[in-house]
Every structure is written in C-alpha cells, then in structure tokens.
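Welcome, and please open the structure in your viewer. We will go from stop to stop, selecting a few residues each time.

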There are 2 protein chains.
Amino acid sequence: MQPKALIFDVFGTVVDWRGGVAAYTAPALAERGLDLAPEALADAWRDEYQPAMQRIRDGGRGYVPLDDLHRENLDRALERLGIADAFDAAARDALNPAWEALPPWADVLPGMARLRARFLLAPCSNGSTSLMVRLARFAGLRWDCILGADVARDYKPKAGVYLASAAALRLAPGEVMMVAAHDGDLAAARAAGLQTAFIPRPDEFGTGEPETITQEWDVIAEDFGALAERLGA
Amino acid sequence: MQPKALIFDVFGTVVDWRGGVAAYTAPALAERGLDLAPEALADAWRDEYQPAMQRIRDGGRGYVPLDDLHRENLDRALERLGIADAFDAAARDALNPAWEALPPWADVLPGMARLRARFLLAPCSNGSTSLMVRLARFAGLRWDCILGADVARDYKPKAGVYLASAAALRLAPGEVMMVAAHDGDLAAARAAGLQTAFIPRPDEFGTGEPETITQEWDVIAEDFGALAERLGA
C-alpha cells in the first residue's frame, strides 16, 4: 500500500548538520585563534545530543525543546574541548542558531519537489517547531506542517512521537512512511506501525560510511530522487 | 515595532468558507432533488460552530478536533433544516471534507507571497493541523507551520491558543501579529499581548457588510495586498 504522507528525520537525513555547524562556528573559532577544527566542535556538540534527550525520554526531566538542550549541550561540549573560557554567555547564545542554518544534501530539494506532488511531507524530527521552521527557511524546504518532538512533547525513538505525528494528520500509522538515514529511528517507526524508507548518508559523520542496517526496510533508496522513483512520484 | 511572524484566522479571513461549502455540497443537494440553497446549508452548518466549541472552551468536554465537531454539527444542521432523512452516515462523511476545499479570497495568494518575504506565516485557526494541511494544499497556501487549536488543545478566543502559537515559534506575544476579519478574535489576541491587523471581508456572510470593529486595531487594511504595503513587505 502506498503511504499518504512521508515524514522525515531531518538532522543527517535531510540536512548536513556536521558541515553546517562547522561552517557556522568556524569564524568564532578563528576569531579567538583557537586551533580546533570546526568539525571537532560539531562532533563534540552532537555527542551531547542523545544523553540530553535520554533524561527526558526516561521521565527524569519534563519536556524541554531541543533549542534549549542544544544551548546546554554547547556548554558541556566547550568544557570538554577545554575552550569554555573563550566563550561568554552571549557568544554561546550566538552560536546556538547554528542548528537552524544547515544545508540540505544535494538531492533533497529536487527529490522533495517530486515527492510533494504525490504525498504530504513533514519533518518528524527531535527539533522543535521553531527550529524546524527556521531551518526550513534557511534550507528552502517546503513542508506541509511541522511534526515530531513538539507535537508529542517527547523525543524519538519513543513510539509516541511517531504515533502523534500520524495522528496529527488523521492518518493511521500504516498510512505514513518514516524516511531516515538511521536504522534505530526506522526500527522504532516500524514498531509503531509506520512504513519505513532508509536513505544512506555516508557523509553524515564525515566517515564516508553509511549506517549499518539491521532490517530489510520497506524501501532502501540511494537518495531522495531514487525514493521518489521507487514511490512512483 | 515590526512583528516577526503573522498568524492568521483562516475561515473567513483567508478563505471563503460559505462559498466553498456551498459549492462542495451543492451536487449532493441537487442529486436528492432538495429545494434548498447550498448557502443555506453552509450557514446552518456554520451556526453550530461556536456552540460546539463553547463546551470545550468551558471545560465541559475535553479537546475534540474541529474535524469531528464539524461532523457532529452537520448532523444537527441537517436535522434543523428538516433534511436529515436524505443523508445516511456515509453521505454525511462524504460532505465533511467540504471544510478542506475552500477557495482563498482573490487577494490572498499574491498578498501572502509578499508577506512571506518578510515574515513567518502560520494559520492560527480553530481548524486542526490535518484540516489546515489539506486546506492549504487545496487553496495553494504556503505556511511555515500550522499553529492554532491543535497546538493549544483548546479553541480561540481562549488566550492560551494565541500564547501557545507565539511560544511554538519561540517569540514573545508582542512579536506576533494576529490577522483576522473578526473583531472578537483580535480583541482576544490583543488581550494576550499580540499585535493586531483587521482585514474586512464583506462577503464572508453574503451580506456585503464587513464586521463592525470596536477598537482601533494596529493595522486596518483593505486586503492582504494592502496589509503587505502597510508592513513594508
């Protein structure tokens, strides 16, 4: 059965968070004469991502939007990198919108234009509505609405995030396809009843290697153009 | 101070619900040989709108999306019009998407294209996310995200709907402008701290008369083009 809506993981699947955060933060590192590759800052910042959400998933903390987690995570990353003294609070606040300024992978905009002709399209990201709106403006993404963490007030891969996203469109889980470059995201989406599409993104972590997949996903396509092809869009 | 986002009442302000519902339901009336103007069905259906939401605003009923209220309201309207026997449940279900197939007023698409270059744009409607998404596809509206009733799980003019909409964009209420053809909507938005813009829609109720306004709204503009002009967009 063809899905009626496609919902997308965003960081890594739609946009290049590592390249984008590195480009955004590079001038601040250079200005301070810090001898640190901006990609290393991006990686250190991202390393705090899962642990910060985990407390919320576990119920040890109420829902806090990712914008605020990113700001807290930046404090930890700078500390860990030994460059905390170089950034006062205002400088850190100025770095935080890096996550709203991430470039799409080259295939994304043409692929989404084709997919849009046939399906409803929405992010199902751990980013907040605000973050997704501003990122969409930066990257030129055209969504029908913003779904994901803010709708469920919880974080993927909790089942409620996928279910609340389908429910917001008044669709059954099986009428929605989750598109992601991450095996764990798809495993959770499938467990919640959604269809699944895997798009390898070998450049996400700068390794040249896509994630290993552990299941036969409903669609496995090289990029968004190939996904459109496979779905007849 | 210029707003950063404009949020819009939709039914009446952006789209012509009366003409749209009449056009959508006319064939079903004609097929059944019913001697009723489709505008009278639209009016009777809309007459149930405020009472249905009021129980929820008052807390006498939990949040129910407008899609479901519309379906319940249709039962009441058909009863009141004395034509309930002519429509079985399936026929009523088939009429309910009328609210997703409403045409925009003539100035809306060009005006919104100008406004979009300068502001974030979102509906702040009592329609659900699902309803707003499908209506946007039908009418060609390009929103940054869907705000309104579903975000707050309550109905305008409750203050929480305006406040939750601003908060979803991580903006202060005063950074957001509510755009509406309805004086009461703007009064509630202003009381919640939002900026306000009134757009008269004399054809909303088929009377040729716009709503009477009771306050000097921050902007009063003839249509969306004039609103863009006034806001320098």
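Rings of Phe, Tyr and Trp (its six-membered ring) pair if their centres lie within 6.5 Å; planes under 30 degrees apart count as stacked, over 60 as edge-to-face and the rest as tilted. Over all chains, a search of the whole structure finds 16 aromatic pairs.

This is a predicted model, in which local features need pLDDT of at least 70 and side-chain atom pairs count only at pLDDT 80 or more, while totals for chains, interfaces and linings use all residues. To find your way, note that residues are numbered from 1 along each chain as its sequence is written, chains are lettered from A and ligands numbered from 1 in the order in which they are written, and side-chain values use heavy atoms, with hydrogens and water left out.

**Stop 1: a pair in chain B**

Select B:Phe8 and B:Phe224. Their ring centres are 5.4 Å apart and their planes stand at 45 degrees, so this pair is tilted. B:Phe8 belongs to strand β1 (residues 5-8) and B:Phe224 to helix α11 (residues 224-230), so the pair links parts of chain B that are 216 residues apart (helices, H or I, of at least four residues and strands, E, of at least two are DSSP runs, numbered from the N terminus). Are these two residues buried or exposed? Both B:Phe8 and B:Phe224 are buried, where buried means under 20% relative accessible area, exposed over 50% and partly exposed in between (1.4 Å probe, protein chains only).

**Stop 2: two tyrosines**

Now pick B:Tyr63 and B:Tyr155, another tilted pair, at 5.4 Å centre to centre with 40 degrees between the planes. Relative accessibility is 14% for B:Tyr63, which counts as buried. B:Tyr155 is buried too, with a relative accessible area of 0%.

**Stop 3: a cluster in chain A**

Select A:Phe11, A:Trp17, A:Trp45, A:Tyr49, A:Trp99 and A:Phe205, which ring pairs link into a cluster.

**Stop 4: an arginine in a helix**

Finish at A:Arg55, in helix α3 (residues 49-57) of chain A. A:Arg55 is partly exposed, with a relative accessible area of 48%. Leaving aside neighbours within four places in sequence, A:Arg55 is in contact (heavy atoms within 4.5 Å) with A:Gly60 and A:Arg61.
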